[in-house]
Amino acid sequence: MKQIILTGDRPTGKLHVGHYVGSLKRRVQLQNSGKYDEIYIMIADAQALTDNAEHPEKVRQNIMNVALDYLACGIDPDKSTIFIQSMIPELTELTFYYMNLVTVARVQRNPTIKSEIQMRGFEKNIPVGFFCYPISQAADITAFHATTVPVGEDQMPMLEQCTEIVHKFNSVYGETLTEPKIMLPDNKACLRLPGIDGKAKMSKSLGNCIYLSESPENIKKKIMSMYTDPTHIRKEDPGHVEGNPVFIYLDAFCKDEYFSEFLPDYANLDELKAHYTRGGLGDVTVKKFLNNVIQAEIGPIRERREAWEKRLPDVYEILRAGTEKAHETAAKTMSEVRRAMKIDYFDEGNLLKQD
Ligand code: ATP
Ligand code: MG
């Protein structure tokens, strides 16, 4: 069986370090592993419009931002197909048919949808399109016969929903769709990176992010003002590393070699954590170290982004060509689906045939 990756991001803002550790870094590794036959990376503008219907300009602007962030992180358009969701009408068409295979109660149970509805203040006014986005995500995944979906932990319920749709579709209409497997980050800290405000998830919509394109000065400002352990008031106080965003970021980004470079009093993160836990280590020292680590990780990405920013017509062409290629694949799957659902009336005069 062909090994196919599908993953993507909503163009609701520039990408942040949560995206990087939760999904982007992995995608680049998978892309360069040579183990995958096809890789599709989707800029999910139609999904972004489900909760930004009144801000189409925001979605449009961020298409280029997301594409630039991809290229800056090392997504290679010769190896990965980057495309724009709304330009592929088959994805909407598939969504419409999959809606028949899912109950309202089932979507209501989706924990990510539940928390996103709350976060957006949608409790009484949920747009139908937003409510249905897990179904549209199943269309995106299955349109490419994706076998692997590398994403952050918040996407687990979406993958479960997708698998259920695949099973239901195949059992009703015959084996047509491919069951995808989720691929979560190996590092626990990267599953759902918290925000700099200590909230459970760094998210474009919450504005609690460090962006991949952030200036060195802004990164420093944000890190130095980060939420830490509220019980660690004086330097001498024993501190907590569990649930402390500064240490979670270090878990996500730190490599041992950064200690010899930036904080040679410690050999590794365990030693630093032990000192913080027993007391006597100030937040400022830890934050300064974290700032050095993040600057070292993000610096090369920002530089590559600046180089791509000077080549916008090339980025446009990458998106145009990628979308054309992805469209061909999705159209092929759509005809398989139409055949399975017996709605292929005009293919070879099928409507006239008895079955
Ligand atoms: P929005 O607030 O518009 O939903 P977002 O920041 O949640 O934006 P998405 O475009 O929804 O970003 O998510 C894109 C991918 O990045 C998904 O695979 C998601 O799991 C992953 N991701 C997003 N935020 C984080 C995070 N804080 N930690 C780890 N992975 C994340
Ligand atoms: Mg999201």
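Author: A salt bridge is a side-chain nitrogen of Lys or Arg within 4 Å of a carboxyl oxygen of Asp or Glu. The model discussed here is predicted.

Reader: Why is the pair R26 and D186 called a salt bridge?

Author: The closest N and O atoms of R26 and D186 are 3.5 Å apart. The cut-off is 4 Å, so the pair counts as a salt bridge. The structure holds 20 salt bridges.

Reader: What does the pair R26 and D186 tie together?

Author: R26 belongs to helix α1, while D186 is in the loop between β5 (181–183) and α10 (216–224), so the pair links parts 160 residues apart in sequence.

Reader: How much of ligand 1 does the protein bury?

Author: Ligand 1 exposes 600 Å² when taken alone, and the protein buries 97% of that. Ligand 1 sits in the largest pocket.

Reader: Which elements give two or more residues to the shell around ligand 1?

Author: They are β1 (4–9) and α1 (17–33). The most comes from α1, with 3 residues.

Reader: What residues make up that shell by class?

Author: The shell around ligand 1 has 10 polar, 7 charged and 5 nonpolar residues.

Conventions:
Residues are numbered from 1 along each chain as its sequence is written. Chains are lettered from A and ligands numbered from 1 in the order in which they are written. This is a predicted model: local features need pLDDT of at least 70, side-chain atom pairs count only at pLDDT 80 or more; totals for chains, interfaces and linings use all residues. Side-chain values use heavy atoms; hydrogens and water are left out. Accessible areas come from the Shrake-Rupley method with a 1.4 Å probe; for residues, only the protein chains shown count as cover. On a 1 Å grid over the protein atoms alone, a cavity is a set of points where a 1.4 Å probe fits but cannot get out, and a pocket is an open set with protein on both sides within 12 Å along at least five of seven lines; lining residues have an atom within 4 Å of a point. A molecule sits in a cavity or pocket if more than half of its atoms lie within 2 Å of its grid points. Helices (H or I, at least four residues) and strands (E, at least two) are DSSP runs, numbered from the N terminus. Ala, Val, Leu, Ile, Met, Phe, Trp, Tyr, Cys and Pro count as nonpolar, Asp, Glu, Lys and Arg as charged, and the others, Gly among them, as polar.
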